[in-house]
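Please look through the sequence and the model below before reading the briefing that follows. The points are grouped by topic, so that each can be checked against the coordinates.

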Amino acid sequence: MRNINVWEVRNTTTTEYCYLDIDDKDYYNIYQCNIFDGRKMLDNWVPVRVELIQEDVRGNKLKPTCMPFMSQAHLAVENSFLDKLDGLCGNTYEKLKLNSDDGDFTLINIINVIDCLDLENTKYRVYKYRKEKIQKVDKFKFIRSIVEKEVIFKIKAYSRAHMFCTDIFKEHMEKWGVGGLVFEKVWSAKK
């Protein structure tokens, strides 16, 4: 048996990588009307307009990346990188088209939602009026047999704004030189 780690994966603008800016009129369509809770959205998706920001406010060039920041809770991908990502992640997400004059980009909607927390050993709080939903996790404890075969996923009963991955995803992103992603280790299991 090998060691396994689970990471929360985010994208961030605190790095020096390019990012996508959403047209103000489309912001509402993505973040207010769509839940991104693991359900498929493709049938009702209307592509939104984004602009690739390649310089910071001081005019300094930002580093290119095939996964530019769009929001912490979502992954945007340059279309030329989709084949690699598809090969790694399979059917764990659906592809939502983005419109841009600066390149071809797709928003990834993770639909792989798994029931993988060992709730007896996880330290967490629930919402006051929705006791079946986890509000905050202070210490994760995963069911190893479930997460060890996963690549990227969301957790059932927990805020779906959080994306998680195993070493498989993290190691491939590092090997492929994908910049701009932040990985925070939330759990580790030894042999």
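Predicted model: local features only at pLDDT ≥ 70, side-chain atom pairs only at ≥ 80, totals over all residues.

Val9 has Met163 as its bridge partner in strand 11.

- Five strands make up an open sheet of mixed pairing, and their order is 7-10-11-1-12; strand 7 (113–114) and strand 12 are the edge strands, each of which pairs on one side only.
- Strand 1 and strand 11 (residues 163–166) are antiparallel and are paired over four bridges, and within this pairing Glu8 stands opposite Phe164 in strand 11.
- Strand 1 is also joined to strand 12 (residues 181–189), in the antiparallel sense, by eight bridges, with Val9 standing opposite Phe183 in strand 12.
- Strand 1 (residues 4–11) is mostly covered, since seven of its eight residues are buried.

**Aromatic pairs**

- The structure holds 10 aromatic pairs; in one of them, Phe140 and Tyr158, the ring centres are 6.1 Å apart and the planes stand at 80 degrees, so the pair is edge-to-face.
- This pair links distant parts of the chain, 18 residues apart, with Phe140 in the loop between strand 9 (134–139) and helix 3 (144–147) and Tyr158 in the loop between strand 10 (152–155) and strand 11; both Phe140 and Tyr158 are buried.
- The rings of Phe142 and Phe153 have centres 6.4 Å apart and planes at 80 degrees, so the pair is edge-to-face.
- Phe142 lies in the loop between strand 9 and helix 3 and Phe153 in strand 10, so that pair links distant parts of the chain, 11 residues apart, and both Phe142 and Phe153 are buried.
- Ring pairs link Phe140, Phe142, Phe153, Tyr158, Phe164 and Trp187 into a cluster.

**A charge over two rings**

- The charged end of Lys170 sits over the ring of Trp7, at 4.5 Å from the ring centre.
- The charged end of Lys170 also sits over the ring of Phe183, at 5.9 Å from the centre of that ring.

**Salt bridges**

- The count of salt bridges comes to 10, including one in which the side chains of Arg10 and Glu8 meet at 4.0 Å, N to O.
- Glu8 is buried, because its relative accessible area is 10%, whereas Arg10 counts as partly exposed at 21%; together with Glu184, these two residues are linked in a network of salt bridges.
- The side chains of Asp86 and Lys95 meet in a salt bridge of 2.7 Å, N to O, and its two members are both partly exposed, with relative accessibility of 22% for Asp86 and 38% for Lys95.
- A further salt bridge, of 3.7 Å, N to O, is formed by the side chains of Asp138 and Arg125; Asp138 lies in strand 9 and Arg125 in strand 8, so the pair ties together parts that are 13 residues apart in sequence.
- Asp138 is partly exposed, with a relative accessible area of 49%, and Arg125 is likewise partly exposed, with 42%.

**Surface patch**

- Leu119, Tyr124 and Val126 make a nonpolar surface patch of about 220 Å².

How values were computed: Residues numbered from 1 in each chain as written. Heavy atoms only, no water. Buried < 20%, exposed > 50% of the residue type's maximum accessible area, 1.4 Å probe, protein only. Helix = DSSP H or I, 4+ residues; strand = E, 2+ residues; numbered from the N terminus. Pairing = 2+ DSSP bridges. Patch = residues over 30% accessible without salt bridge, like charges linked within 9 Å, V, L, I, M, F, W, Y side chains within 5 Å. Areas by Shrake-Rupley, 256 points an atom, 1.4 Å probe, with all protein chains shown as cover. Phe/Tyr/Trp six-rings, centres within 6.5 Å; stacked < 30°, edge-to-face > 60°. Lys NZ or Arg CZ within 6 Å of the ring centre and 35° of its normal.
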